[in-house]
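Here are my notes on the model you asked about, as numbered points. Have the structure open while you read.

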Amino acid sequence: MKECVGMLLAGGEGKRLRELTTNLAKPAVHFGGKYRIIDFTLSNCTNSGIHTLGVMTQYSPLELNKHIGNGKPWDLDRPNEGVTILSPYTAKDGGNWYSGTADAIYQNIHFIDQHNPEYVLVISGDHIYQMDYKKLLEDHKQTGADATISVIPVAWEEASRFGILNTTDDMRIYEFDEKPAYPKNNLASMGIYMFTWSTLKSYLLEDAELEFSSHDFGKDIIPAMLGDNRRLYAYRFEGYWKDVGTVQSYWEANMDLLDEDWSLSLNNKNWRMYSNDSTFPPQYIAETGVVKHSLVNSGCWISGTVQSSVLFKNVIIQQGSMINQSILHPGVKVGKNSTLERVIVMENTEIPEGTTIRIGLDQEPLIIDQDNLTRILS
């Protein structure tokens, strides 16, 4: 019997990331100089002692599955434990794609049951944060909860954009408001759940029989549990957390890595980040002549100037060029005397000599790939 099994939802299409997810699942998008977005959640599992993990993929899973492999970089390749890629179940009558977050878990009940856990952790692969799930589990056990939901305080002016959990003084949840016009508090759900498995399983089986259910945790399972007066508690998380579901938030999260005031760190020896893309983490470089306040990965060749930017491996910046507040994915080549400001350049794109692209602070950062480059420059 396992005490806790992790179930990682990684099938997001991520339409709002536009070109970044045209042929790529959102969790597989490059991030932070050497990582993929999903590396943060996988590293959280490793650092939290969650060594049995089911990863549910759906949209464009090839690159994501290749990246995860057998889970070795995250110590998830242990015998009788480790990581298991769980594609949508296909029955003899044709089966279905996952129709919601709860349905994804329901379709994999057999995987969970074979480990016979007391608790199940449900997490997502498309958020940037560093969190100790052991503390969440300890809180869940101390309160005797049926479900514990991680929450984070958000700015009051943004609270109406989130699912808000209203709680008593002891953090017991009595109401869930989905994007309320007039929020009662600013505790937003992070989409991170700890369940007592026997309780969750009964609700999943019941929900699967409901014709008009959307089979979603936030819309169906949690409200049903609240309606039955189950013990639901909120767990308050105080660290850095960002949903990188838009181009703007993806750009901001990369830029946040350059801000020493943030609690998020790629070089924290007590909370290591793992990935299969490279042996060494990106270097944090401040004031070295041509590179200022940037994350630069190995294999980069820089003859121009790079400032407040994130560069992945094998990027080439030729003489006379200036890169500012930008993200350059692996293999990008920038020709001589070019200027790029507030842009995201996708993998293996070649920027011609003499190119100037500047995006103002009042505009969303621009995504550039080889296919749209001609249109952008015309």
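1. Leu-17 first. Beyond its neighbours within four places in sequence, Leu-17 is in contact with Lys-26, Val-244, Gly-245, Thr-246, Val-247, Tyr-250 and Ile-367, where contact means heavy atoms within 4.5 Å. Leu-17 sits in the loop between β1 (4-9) and β2 (30-31); helices (H or I, at least four residues) and strands (E, at least two) are DSSP runs, numbered from the N terminus. With 0% relative accessibility, Leu-17 counts as buried. For the cut-offs, buried is under 20% relative accessible area, exposed is over 50%, and partly exposed is in between (1.4 Å probe, protein chains only). Between the C-alpha atoms of Leu-17 and Arg-358, which are 341 residues apart along the chain, the separation is 20 Å.

2. A word on what you are looking at. This is a predicted model, in which local features need pLDDT of at least 70 and side-chain atom pairs count only at pLDDT 80 or more, while totals for chains, interfaces and linings use all residues. Residues are numbered from 1 along each chain as its sequence is written, and side-chain values use heavy atoms, with hydrogens and water left out.

3. Now the core. The largest nonpolar core has 65 residues, and those with the most contacts inside it are Leu-53, Leu-121, Ile-123, Tyr-133, Ile-192 and Tyr-250. Helix α8 (residues 247-256) supplies the largest share of this core, 5 residues. Apart from it lies another core, this one of 34 residues, including Leu-9, Leu-187, Ile-222 and Leu-232. A nonpolar core here is a set of buried Ala, Val, Leu, Ile, Met, Phe, Trp, Tyr and Cys residues joined through side-chain atoms within 4.5 Å. As background, nonpolar side chains tend to be buried together in soluble globular proteins.

4. What does Ile-192 touch, not counting residues up to four places away in sequence? The list is Leu-121, Val-122, Ile-123, Tyr-129, Met-131, Tyr-133, Leu-136, Thr-148, Ile-149 and Ser-150.

5. Ile-152 is in strand β8 (residues 147-153) and is buried, with a relative accessible area of 7%. Leaving out neighbours within four places in sequence, Ile-152 is in contact with Asn-186, Leu-187, Ala-188, Met-190, Phe-237, Gly-239 and Trp-241. Ile-152 and Asn-186 are 34 residues apart in sequence but 8.0 Å apart in space, C-alpha to C-alpha.

6. Have a look at helix α1 (residues 38-48) too. Since 11 of its 11 residues are buried, α1 is largely enclosed by the rest of the structure. Among those buried residues are Asp-39, Thr-41, Ser-43, Asn-44 and Asn-47. Just after α1, Gly-49 takes a positive phi of about 80°.

7. Two other positive phi values deserve a check. Asp-75, although not a glycine, has a positive phi of about 60°. Asp-75 lies in the loop between α2 (62-68) and β5 (82-86) and counts as partly exposed at 31% relative accessibility. Asn-348 has a positive phi near 65° and is likewise a residue other than glycine; its place is the loop between β25 (343-345) and β26 (350-351). Most residues other than glycine have a negative phi.

8. On helix packing, the axes of α6 (residues 197-208) and α7 (residues 217-227) come within 11 Å and cross at roughly 115°. Those axes are lines fitted to C-alpha atoms, for helices over the stretch in contact, with angles running from 0 to 180 degrees between N-to-C directions. From α6 the contact takes Thr-199, Leu-200, Tyr-203, Leu-204 and Asp-207, and from α7 it takes Phe-217, Asp-220, Ile-221, Ala-224 and Met-225.

9. Finally, the annotation. UniProt, in an unreviewed entry, lists Tyr-98, Gly-163, Glu-178, Lys-179 and Ser-189 under "binding site". UniProt positions are given in the numbering used here, feature names are shortened, and annotations may be inferred rather than shown by experiment. The listed residues spread over 92 residues of sequence and, in space, up to 23.9 Å between C-alpha atoms. Glu-178 lies in strand β10 (residues 173-178) and is partly exposed at 46% relative accessibility, whereas Lys-179 counts as exposed at 53%. Outside four places in sequence, Glu-178 is in contact with Phe-162 and Gly-163, and Lys-179 with Ser-160, Arg-161, Phe-162 and Gly-163.
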